[in-house]
Amino acid sequence: MNRGIYFRRRAINQIFLWLSTAAAAIGIIALILILYALLKNGIGGLSANVFTMDTPAPGSQGGLANALAGSLIMSFAAVLVGTPIGMLAGTYLAEYGRHSWLAFVIRFVNDILLSAPSIIIGLFVYQLMVVRMHHFSAWAGIVALAVIVIPVVVRTTENMLLLVPNTLREAAASIGAPRAISIRAVTWRAARAGIVTGVLLAIARISGETAPLLFTAFGNPYSSTDLNAPMASLPKVIFDFANSPYDNWHTLAWAAALLITAAVLSLSIFARLLESRQR
Amino acid sequence: MVDVVLDEAYEVDPARGAALKRFGRSDARFRFLTRAAALLVVIIFAGIMVSLVSGSIPAFKAFGWGFLTSSVWNPVTEKFGAFAAIYGTVVTSGLAMLLAVPLGIGIAIFLTELCPRALKRPMGIAIELLAGVPSIIYGIWGLFVFAPYFQANIQPGLIDFFANIPVLQDIFAGPPYGIGIFTSALILSIMILPFISAVTRDVFETVPPVLKEAAYGTGCTTWEVMWRIVLPFARPGVVGGAMLALGRALGETMAVTFVIGNAHHINESLFAAGTTISATIANEFTEALGDLYVSSLFAIGLILFGITFIVLASAQLMLKSLERRAGGKSS
């Protein structure tokens, strides 16, 4: 009598379990295909020229040196600007604000900024800096990237400081350490690995950001270290070169894509190792 | 006795008082600094709002509410309307969610219930790593690899297959360009898939084992445990995670810009070229001439920010309620 029901339930169970296995297979296959295409097309484009020559005119020899340098300079500067601000703000949320309404508002706003469309941040910095300076500049690119770094660092700093046991804070207070010193010498130090992980993840995040650079740092066909002038960057080069009809530009776009992906993946693996070693 | 000694010590040792004062001052300074940095986050947010609103005032003045409903986008006559871009944004993201949410939940079920133990960690890590791959990588792959393949091998078949079915023949109408709304949605769904799977798996793992064991004990099949016990328990987290993914999809620029075709009209067919708000801004901003053109781009940016704000805010509220519940349970 019950056999029919049992059979149906077992069949449904089998079907859905197969479907979820298939979903996993589809996901993995799609992602393997992307990485495969990246490796196949990117390695062909990698040569010594890539690191020594500037982006070329269509059809001629060239590399990505200006874009590599630009990306490194702007990412580094953005992290340098964004990290202290993010760390201090995260410290306020974890140590001083905690349950105040101000901290509540800041947390809410910060989480919105964390996943706000990056192109909107580009528009903001365009209005804020490019319009006033009347030209594109690396400074504008740096500010745009820093605006992306800050929420990431705020979130990880707060989370990591909240993990620090209260007994440490109490111990510091009991020997008479003022709050500011106990935060800097005790809680920051206890949470150091976690905060560094957050900064690494922020670097990984901005090194692939394209949209906020399109109309802030703009791009530059020559190597430049002038922060007051437009500056090239890898993602912007991919954007321009992939949309072009020239074969040698396509090859360089793939090489740049491979470089970015390799950098991002190794940064996140490194961050993960650091995190797991801390635990 | 002790009190007297302490009092005397305070009066006798002025250095101590000075040190205390110094500590107090540096404490206040540090506190002020952290507070200022925290306020800067709010100021940035307010700055974004102000710059978008002030940038878009000329466009809204010129076109009024019609800006939202008109799908004309003509830089030559300086007539602009946001509807085609809004339509493209909503349709690509909606379709992407339709594909990615079931797949993502399927992957999470596979990871928590079916996956062999040896594979569990590597697969979990792989998914989390892939969630961090920059979107421009998906864009370039979509343009050079997926779109040509889709155009040559899949699209003609789909068009033929649906050719005689009433409504679907319009939705999947040719010609097969390779790029278009549908391709963009596919690329977007691949991009948000790792994110959805990672969040869903994390939420599934917060389900107390006792609940699952009790269900298995009454004779439930694995699927019944997932569908009737785990999923209802984890629903706020799954919905919140999915909304975060939707927020990303709506604002995603680079994965879409390459493959959408950048055409400002609304076509019944999903295979036709279209545009999204972010793709329009990315493609046209640096070439936009005239204040009204630039202002219109700011205006669609404001609309995009408004939409994503609503989505992200509700995602947060949902995840907060889950956090509170989980917190209450564990303590």
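# Chat about a two-chain predicted model

User: Let's start with B:Ser184. Where is it placed?

Analyst: B:Ser184 sits in helix H8 of chain B, residues 181–204. Keep in mind that this is a predicted model.

User: Is B:Ser184 buried or exposed, and why?

Analyst: B:Ser184 counts as buried because its relative accessibility is 0%.

User: What does B:Ser184 contact, leaving aside neighbours within four places in sequence?

Analyst: B:Thr92, B:Val256, B:Val259 and B:Ile260.

User: And which backbone oxygen lies 2.8 Å from a polar atom of its side chain?

Analyst: That of B:Gly180.

User: Buried or exposed?

Analyst: A:Ser137 is buried, since its relative accessibility is 0%.

User: What is A:Ser137 in contact with, leaving aside neighbours within four places?

Analyst: A:Thr216, A:Ala217, A:Leu227, A:Asn228, A:Ala229 and A:Pro230.

User: Take A:Leu227 from that list. Where is it found?

Analyst: A:Leu227 is in the loop between helix H9 (192–207) and H10 of chain A. With a relative accessible area of 22%, A:Leu227 is partly exposed.

User: What does A:Leu227 touch, beyond four places in sequence?

Analyst: A:Ser137 is one of its contacts.

User: How far apart in space are A:Leu227 and A:Asp247?

Analyst: 31 Å, C-alpha to C-alpha. In sequence, 20 residues separate A:Leu227 and A:Asp247.

User: New topic. How many residues has the largest nonpolar core?

Analyst: 168 residues. Those with the most contacts inside this core are A:Leu64, B:Ile48, B:Tyr138, B:Ile192, B:Ile281 and B:Phe285.

User: Which element gives the largest share of this core?

Analyst: H6(A), with 15 residues.

User: What does B:Tyr138 touch, not counting residues up to four places away in sequence?

Analyst: Two of its contacts belong to chain A: A:Leu31 and A:Ile34. In chain B, B:Tyr138 touches B:Leu130, B:Val133, B:Ile187, B:Ile190, B:Met191, B:Pro194 and B:Ala255.

User: How many residues are in the second, separate core?

Analyst: 16 residues, including B:Ala108, B:Phe204, B:Ala234 and B:Val238.

User: On to the interface. How many residues of chain B are in contact with chain A?

Analyst: 75 residues of chain B, which meet 76 residues of chain A.

User: What area is buried between them?

Analyst: About 6900 Å². Carbon and sulfur atoms give 82% of that area.

User: How many residue pairs are in polar contact between the chains?

Analyst: 10 residue pairs, both residues at pLDDT 80 or more.

User: Which part of chain B gives the largest share of the side that touches chain A?

Analyst: Helix H2 of chain B, residues 14–63, which supplies 22 residues.

User: How does that side divide into nonpolar, polar and charged?

Analyst: The side of chain B that touches chain A has 50 nonpolar, 20 polar and five charged residues.

User: How many salt bridges cross the interface?

Analyst: The rule finds two between chain B and chain A. Over all chains, the whole structure has 11.

User: Which residue forms a salt bridge with B:Glu128?

Analyst: A:Arg272. The closest N and O atoms are 2.6 Å apart.

User: Which helices does that pair link?

Analyst: B:Glu128 lies in helix H5 of chain B (residues 117–130), and A:Arg272 lies in helix H11 of chain A (residues 247–278). B:Glu128 is partly exposed, at a relative accessible area of 28%. A:Arg272 is partly exposed at 28%.

User: Which residues do salt bridges that share partners join into one network?

Analyst: A:Arg107, A:Asp111, A:Arg155 and A:Glu158.

User: What about A:Asp240, which residue forms a salt bridge with it?

Analyst: A:Lys236, with the closest N and O atoms 2.9 Å apart. Both residues are in helix H10 of chain A (residues 234–242), four residues apart, about one turn of the helix.

User: Are A:Asp240 and A:Lys236 buried or partly exposed?

Analyst: A:Asp240 is partly exposed, with a relative accessible area of 32%. A:Lys236 is buried, because its relative accessible area is 10% and the cut-off for buried is under 20%.

Note on methods. Residues numbered from 1 in each chain as written. Chains lettered and ligands numbered in written order. Predicted model: local features only at pLDDT ≥ 70, side-chain atom pairs only at ≥ 80, totals over all residues. Heavy atoms only, no water. Buried < 20%, exposed > 50% of the residue type's maximum accessible area, 1.4 Å probe, protein only. Contact = heavy atoms within 4.5 Å. Core = buried A, V, L, I, M, F, W, Y, C linked by side-chain atoms within 4.5 Å. Helix = DSSP H or I, 4+ residues; strand = E, 2+ residues; numbered from the N terminus. Buried area = accessible area lost by both parts, 1.4 Å probe. Salt bridge = Lys/Arg side-chain N within 4 Å of Asp/Glu carboxyl O. Polar contact = N/O pair within 3.5 Å; in protein donor to acceptor, adjacent residues only side chain to side chain. Nonpolar A, V, L, I, M, F, W, Y, C, P; charged D, E, K, R; others polar.
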